[in-house]
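User: I would like a close look at a single part of this model. Please keep the answer connected and brisk.

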Amino acid sequence: MAAGVNWCEFKFRVWHLLKGHQSLRGVYTCTSVLYCAGEESERKHKKYTKTVTLPRTDFPLRVDSQKKLDRDSFLYEKCEFSTLYSWQRRHVQGPEFILHDGPPFANGKPHMGHAINKILKDVVTRHKLLQGYRIHYVPGWDCHGLPIELKALDGHTSLSAVTIRRKAEQFAREAIANQKEAFRSWGIMADWDKCYFTFDKQYVKNLMQQFHKLYEMGLVFRDVKPVFWSPSSRTALAEAELEYNATHSSTAVTVQLLMQRVPDAIRPFIPLHGSSVFALIWTTTPWTLPANQAVCFNPDMSYSLVSVDGHSGKVYIIASELVGMLQQKLGRQVDVITSFPGSSLEDTSYIHPCRSDQVLPFLPAAHVTTSKGTGLVHTAPAHGPEDYLVALEHSMHVECLVDEDGCYTEGAGPALQGLPVLSKGSEAVMTLIAADILHSEQLVHSYPYDWRTKQPVILRASWQWFIDTNAIKQKAIEALKAVKIFPDYGGSAKSGGGLMAQLERRPYWCISRQRVWGVPIPVLYHKTTGAPILTKSLINHLCCLLDECGRDFWWTLPLDRLVSKEVLAEHSVSIDEVEKGQDILDVWFDSGFSWSCILGGEKVADLYLEGLDQFSGWFQSSLMTSVAVRGQAPYRAVFVHGFAVDAEGRKMSKSQGNVVDPLCITHGGKDKKQEPVYGIDTLRWWVACHATQHANIPVSPNVLEASAEAVHKIRIVLRFLLGAVHDLEPDIDQNADNSWYFLDRYLLHLLFEFSQNVNQFYESYQFNRVCTTLTNFITNEVSALYCHLTKDRLYCAPVDAPERRACQLVMNHILETVTRAVAPVLPHLAEEVFLYHPCKKGVNLFQSAVVKPLPDWHQPEVERVMTLALEVKQTLNKMSPLTNTQQLVATVFSSGETLTLLKMLQEEAQSSWSQLTEILQVSSVALAERRSPLKFYMELAETSQHLCGRCRRFTAHSSDEPCDRCQQVLDKLRAAK
Ligand SMILES: [Zn+2]
């Protein structure tokens with residue numbers, strides 16, 4: 001139905017594109033004004049319209065607004081998007097390509113981060129499918145965790161564990177349904193019927209078994225250690241769950257501690273200056289002073305005994321280098337009485353800052369420096385990792401005086417008990433020791449906050465389960481060396497180096513959480529000794545209970561069901577002597593073991609593809625677990641992408657009000673003028689163009705509009721090609737031979753190179769370069785060069801003329817190759833092209849056989865001839881006095897090899913119908929032999945020939961008759977009737 005309709009848009013577009021894109025070769029400048037002749041000629045031309053073979057297709061040129069959405073859903077159904085995954089699992093015989101899905105949190109609505117991540121994954125798998133691979137891609141969700149639990153709690157504090165779990169599960173299920181619908185609508189090819197969920201029974205059973213396996217291997221252990229603790233969430237937090245607030249204000253105090261046993265080196269000076277000797281310490285966490293267990297000094301530093309103006313009868317010990325700083329801070333004269341080596345502090349002691357009956361030691365430690373403070377470090381092993389190591393070294397019992405709510409326990413004394421350490425407790429401590437505070441100041445510094453509640457966290461010692469990262473670290477770093485990381489920024493922080501550095505820094509991984517929405521740590525404890533009870537038989541028993549009683553079993557079943565008689569007998573304990581653990585597993589442990597549940601056994605994923613933040617998250621946890629259990633990385637390659645930002649480069653956040661909803665891009669906003677319907681392919685193009693090489697991915701109306709425009713440009717050209725091949729017989733011999741025009745073979749040569757380049761960019765995950773290569777090729781080589789130059793052949797030559805058929809075959813090869821090249825990014829458009837292709841007979845592109853460009857398309861010798869011809873064309877365009885070069889006769893003077901090459905394009909001395917006239921778009925070309933220092937030169941003259949009413953070339957002998965070629969075509973048509 002659409003013959004001849006709207007082709008003007010194509011012509012216009014070509015011209016328009018050319019104005020915008022200065023071609024690399026600079027020769028595609030469209031000088032044709034074929035269709036801009038006068039009225040008289042227009043009338044004559046109409047007479048021949050029916051004898052000209054214009055492109056013909058029903059493929060719609062433009063699909064706008066609501067129709068775009070209808071089109072997307074129509075193609076989704078018609079081209080079997082939803083069953084493609086299972087189809088390829090059944091039919092594709094090639095090697096398997098495993099992309100293991102990092103599970104998003106089952107929390108919240110679909111957002112741009114999801115769109116970026118899922119679409120990038122889909123571009124990868126669709127590309128691999130077109131290369132003949134059988135795709136393994138099972139999407140998953142991370143269903144547990146604090147954010148969901150807090151939603152379920154909704155401010156309540158007294159809900160039972162089971163109620164919280166049921167509500168949390170409901171939240172998670174709703175979020176999953178929402179997200180899944182969006183992911184599917186984006187055309188993502190995946191095993192949607194067999195997704196994995198970290199709360200699935202099978203998944204939970206595997207986690208309990210893996211936990212036990214690590215325990216047996218000695219790679220998990222329980223210990224009291226200071227960990228980041230969020231009083232507002234009542235749980236331990238991992239490093240990844242912290243946010244650093246750079247504007248946090250703390251009260252820092254300089255405190256005097258009365259010495260009990262003083263260093264021998266200063267004894268002689270005491271009677272002269274005062275009887276009381278104090279050590280000076282400095283801390284930004286005064287609330288940890290009740291838990292003080294030692295003061296550390298550096299034996300290699302020098303210390304001084306000083307007197308302070310106005311503090312008569314007292315002398316102080318401080319690092320020599322910091323005396324000046326103390327003087328400045330106090331605003332008083334500080335005089336050094338004597339100096340002595342740090343080692344003199346060994347075997348000395350002091351009185352606890354809050355408890356006068358407690359005498360504590362000075363201990364040597366290398367972490368003490370003179371960068372700040374006093375050079376004498378207050379040490380509370382329950383509240384600092386370095387302090388903890390000191391305690392470990394000196395076999396000190398770690399004392400924790402802070403409970404799970406972040407309040408002082410009874411052990412802190414009646415004045416402090418029950419007070420929250422970060423507010424009233426801190427004030428109470430300072431009141432308690434007011435007489436010993438020499439100086440206090442407000443310090444603004446970076447301080448860790450709970451990423452969820454936005455409240456400050458504390459370091460607090462508690463019984464936790466840990467993975468022994470030190471035992472795994474070195475192996476993990478070795479395993480990582482064999483992993484390819486994309487994009488490759490060398491060893492920088494954005495690349496593999498980042499992951500390495502993160503690994504090296506990681507001190508230990510605390511995997512227990514004191515919450516309920518998660519997988520229970522399947523351990524019983526001996527009530528009096530606290531010894532864990534964890535055996536294979538217990539785990540087997542718990543797995544059966546999980547199957548039998550559901551995933552809440554740990555909370556719903558009484559203890560005598562949880563622990564079987566056999567287990568009790570095995571440990572020679574009675575039921576009254578044991579209690580069940582109250583901890584759940586860190587969600588990073590859940591997702592970190594996804595490989596073992598989804599890939600199973602020894603399978604390694606070909607690719608993990610997630611955001612940059614997963615260097616400290618899932619990439620790392622998965623590596624640790626896989627290396628621990630099976631001694632190898634879970635992935636062969638890792639591909640990282642950045643995050644969506646707004647037009648000003650700001651991160652998207654609710655508080656900024658700059659969040660873009662992907663649904664708004666695909667389906668349009670409320671005001672369709674402000675937020676038009678872009679459809680799925682535009683969203684996908686935007687992702688491919690911007691999400692692969694940059695950490696920041698801008699979303700703005702301009703960027704989206706540019707993406708829509710790019711997709712439309714591709715659509716126009718593919719539509720033209722579809723129209724051009726409308727009368728191609730499906731069984732025609734498609735192989736090129738040497739009788740084909742150089743221009744035709746040149747295009748195949750370019751097509752081969754294009755295909756190689758695009759493939760290489762897909763393989764190295766440089767989708768932005770896929771997009772630019774595609775756009776450039778379609779705009780320049782296909783549209784402006786080939787489609788433009790061959791119009792006469794295509795429209796006006798006899799329908800079955802070999803040169804017309806060759807041109808159609810080239811266009812068909814372009815159509816096939818380009819459609820396959822865009823297909824991973826724009827699957828809807830690609831399938832639509834196949835739907836309208838005259839030779840495809842309803843075969844879906846993604847279900848068709850693998851097609852690769854033929855090696856014999858690659859013809860460097862053809863390129864040599866064409867490069868020369870295009871050089872001649874460029875010279876001609878520069879010289880031409882007329883905008884319409886069709887009115888010109890060009891005489892090209894050359895000699896030797898140049899002439900030999902040009903003669904390949906035109907055997908005759910003068911011709912209106914040679915390959916060269918087609919390339920140069922002139923009335924006729926004359927080739928003459930003449931030596932000159934130049935490779936060639938040219939003379940142009942206006943032709944004496946007339947405009948042919950049919951083909952619009954200046955090839956007719958008179959203005960009343962068509963040209964000889966057209967006359968022949970007309971005679972033939974007449975005879976056929
Ligand atoms: Zn003609």
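Which residue in β8 does Q256 stand opposite? Please set that pair in its surroundings, then turn to the cysteines.

Analyst: This is a predicted model. Q256 stands opposite L280, which lies in β8. The strand to start from is β7, residues 242-261. β8 covers residues 276-283. β7 and β8 run antiparallel, and six bridges pair them.

β7 has another partner in β16, residues 437-450. Here too the sense is antiparallel, with 12 bridges between the two strands.

R261 takes part: its bridge partner in β13 is S349.

Now the cysteines. The disulfide count is zero, with a cut-off of 2.5 Å between cysteine sulfur atoms. Take C407. The closest cysteine sulfur belongs to C400, and the separation is 12 Å. C689 is in no disulfide either. For C689, the nearest cysteine sulfur is that of C771, 3.6 Å away. That pair is not a disulfide because the sulfurs would have to lie within 2.5 Å.

Note on methods
Residues numbered from 1 in each chain as written. Predicted model: local features only at pLDDT ≥ 70, side-chain atom pairs only at ≥ 80, totals over all residues. Heavy atoms only, no water. Pairing = 2+ DSSP bridges. Helix = DSSP H or I, 4+ residues; strand = E, 2+ residues; numbered from the N terminus.
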